[in-house]
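This report describes the fold and selected local features of one protein. The structure is shown first, and the description follows.

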Amino acid sequence: SILPKPKAGFTFSNVCYQNPTIFHDTSDIIPTSYFWNFGDGGPVYGVNNPRHKYAAPGQYNVHMIATLSHVCSDTVTKFVEVYPVPDAKFTSSVAGLVVQAKAIDTIESYYSWNFGDLDSLSGFYNVIHTYTKRGTYDVKLTVQNTFGCQVIKSSLEYVLDSGSGIQ
């Protein structure tokens, strides 16, 4: 008997670096075996809906071979992009109750600051904030790039005491 040739297919969504890309088999006939090459190293056999975490941002050609009964096969190749994540590092200085903070990476599309005192500010990579009282505050910067990849940097704590800050 003549076996039908499968029409290989898969879907996925581009992801931000450090997140897995999830591939979904959409072949028209359920293959009996699968071969995947994710474009960054060794192959994967036998998995119809694999997850793959890329080691670096970039563009990758993904190949999938769907085979029916070890005889008929079809190959599909698609282009996958793993987006870079922004850098949320920042520098700061303290003078009394006034903190000036600046994001190091200033080419991203969205910045949001949380000053740890119920006050926040969005849209600026360089900010000045005045606290109403001395204390310890956890400053957080959220940065999002045009791909929608988001990073939150926290941990600069300011102890505002005797008119000068300690980082």
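The model is predicted, so to speak of local features a pLDDT of at least 70 is needed, while side-chain atom pairs count only at pLDDT 80 or more and totals for chains, interfaces and linings use all residues. Residues are numbered from 1 along each chain as its sequence is written, and side-chain values use heavy atoms, with hydrogens and water left out.

**Overall form**

The protein contains 17 strands and 0 helices; both are DSSP runs numbered from the N terminus, with at least two residues (E) for a strand and at least four (H or I) for a helix. Its radius of gyration is 25 Å, well over the 15 Å that the globule rule gives for 167 residues, so the protein is more spread out than a compact globule. The radius is taken over C-alpha atoms, and the globule rule is 2.2 Å times the number of residues to the power 0.38. Along the principal axes, the C-alpha atoms fill a box of roughly 90 × 25 × 25 Å. Of the 167 residues, 33% count as buried, a class that means under 20% relative accessible area, with exposed over 50% and partly exposed in between (1.4 Å probe, protein chains only). Among contacts (heavy atoms within 4.5 Å) with a separation of 6 or more, residues 24 or more positions apart account for 53%.

Two strands pair if DSSP finds at least two bridges between them.

Another open sheet has 3 strands, ordered β10-β11-β14, and its pairing is antiparallel. Here β10 (90-95) and β14 (126-130) are the edge strands, pairing on one side only. The twist from one strand to the next averages 15°, with axes fitted as lines to C-alpha atoms and angles running from 0 to 180 degrees between N-to-C directions.

| Strand pair | Bridges | Direction | A bridge partner pair |
|---|---|---|---|
| β2 and β9 (72-83) | 2 | parallel | Val-15 and Val-82 |
| β10 and β11 (98-103) | 6 | antiparallel | Phe-90 and Ala-103 |

The hairpin of β10 and β11 has 2 residues between the strands, and Gly-96 there takes a positive phi near 65°.

**Aromatic pairs**

Rings of Phe, Tyr and Trp (its six-membered ring) pair if their centres lie within 6.5 Å; planes under 30 degrees apart count as stacked, over 60 as edge-to-face and the rest as tilted. The count comes to 13 aromatic pairs. In one of them, the ring centres of Phe-10 and Phe-23 are 5.8 Å apart and the planes stand at 70°, so the pair is edge-to-face. Phe-10 lies in strand β1 (residues 10-11) and Phe-23 in the loop between β3 (21-22) and β4 (24-25), 13 residues apart. Both Phe-10 and Phe-23 are buried.

Lys-78 lies over the face of Phe-10, 5.1 Å from the ring centre; the criterion is NZ of Lys or CZ of Arg within 6 Å of the ring centre and within 35 degrees of the ring normal.

**Gly-9**

Gly-9 lies in the segment before β1 and counts as buried at 9% relative accessibility. Leaving aside residues up to four places away in sequence, Gly-9 touches His-24, Asp-25, Thr-26, Ser-27, Met-64 and Val-76. The C-alpha atoms of Gly-9 and Asp-138 are separated by 48 Å, and the two residues are 129 residues apart along the chain.
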